[in-house]
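The sequence and structure come first.

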Amino acid sequence: MKKWILAAGLISVCTLAQADGGVFLGLSMQLGGNISARDIGLTAKVVSSNREDRAVLGGGINVYPFGSGPTRIGIDVGAGYQGSRFGAMVGYDLLLGRPTLNAGYVNTTNR
């Protein structure tokens, strides 16, 4: 329960800090070691911009439904690039202590 409260607080602070931020929804993969289905999960992030063709910073929650051990939820921060409605990020999961690779949908605008 504490992890959910911490994650909700992190997302709330990120949303308030950036007026034209975007939302990133996609897949997350933990890197390092042998990669299996347990290392693939879902991610939801707040990114620093919602404009197309930009480098962005972001932070959010990763959920690994098939993960091993008691911790299947992670909070990560990262950097990446977003094009037209698609983005990719490389980051570090602060709770699980592993690097991550993320790819998915971003609500971009071309203004």
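Which residues form a nonpolar patch on the surface? I found Leu27, Ile40, Leu42 and Val63 there, with about 330 Å² of accessible area together. I note at the start that this is a predicted model.

Entry on the strands. I followed strand 2 to its partners. Strand 1 (residues 22-30) runs antiparallel to strand 2, and eight bridges join the two. On the other pairing, strand 2 and strand 3 (residues 54-63) are also antiparallel, with six bridges between them. I picked alanine 44 to trace across: leucine 25 has alanine 44 as its bridge partner in strand 2, and alanine 44 in turn has isoleucine 61 as its bridge partner in strand 3. Strands 2 and 3 form a hairpin with six residues between them. In that turn I noted aspartate 53, whose phi is positive at about 55°.

Entry on the core. Which residues make up the largest nonpolar core? I listed five: Phe24, Val47, Val56, Met89 and Val106. In soluble globular proteins, nonpolar side chains tend to be buried together. I then looked up the contacts of methionine 89, leaving aside neighbours within four places in sequence. Among them are the core members Phe24, Val47 and Val56, and the list also includes Lys45, Gly78, Thr100 and Asn102.

Entry on charged pairs. How many salt bridges does the count give? I got two.

I took lysine 45 and aspartate 76 as one of the pairs; their closest N and O atoms are 2.6 Å apart. This pair links distant parts of the chain, with lysine 45 in strand 2 and aspartate 76 in strand 4 (residues 73-82), 31 residues apart. Buried or exposed, for lysine 45 and aspartate 76? I recorded both as buried.

The other entry is aspartate 39 with arginine 98, whose side chains meet in a salt bridge at 3.4 Å, N to O. Aspartate 39 lies in the loop between strand 1 and strand 2 and arginine 98 in strand 6 (residues 98-106), so this pair ties together parts 59 residues apart in sequence. I wrote down aspartate 39 as buried, at a relative accessible area of 7%, and arginine 98 as partly exposed, at 23%.

Methods. Residues are numbered from 1 along each chain as its sequence is written. This is a predicted model: local features need pLDDT of at least 70, side-chain atom pairs count only at pLDDT 80 or more; totals for chains, interfaces and linings use all residues. Side-chain values use heavy atoms; hydrogens and water are left out. Patches are made of residues with over 30% relative accessible area and no salt bridge: like charges are joined within 9 Å, nonpolar side chains (Val, Leu, Ile, Met, Phe, Trp, Tyr) within 5 Å. Accessible areas come from the Shrake-Rupley method with a 1.4 Å probe; for residues, only the protein chains shown count as cover. A salt bridge is a side-chain nitrogen of Lys or Arg within 4 Å of a carboxyl oxygen of Asp or Glu. A nonpolar core is a set of buried Ala, Val, Leu, Ile, Met, Phe, Trp, Tyr and Cys residues joined through side-chain atoms within 4.5 Å. Buried means under 20% relative accessible area, exposed over 50%, partly exposed in between (1.4 Å probe, protein chains only). Contact means heavy atoms within 4.5 Å. Two strands pair if DSSP finds at least two bridges between them. Helices (H or I, at least four residues) and strands (E, at least two) are DSSP runs, numbered from the N terminus.
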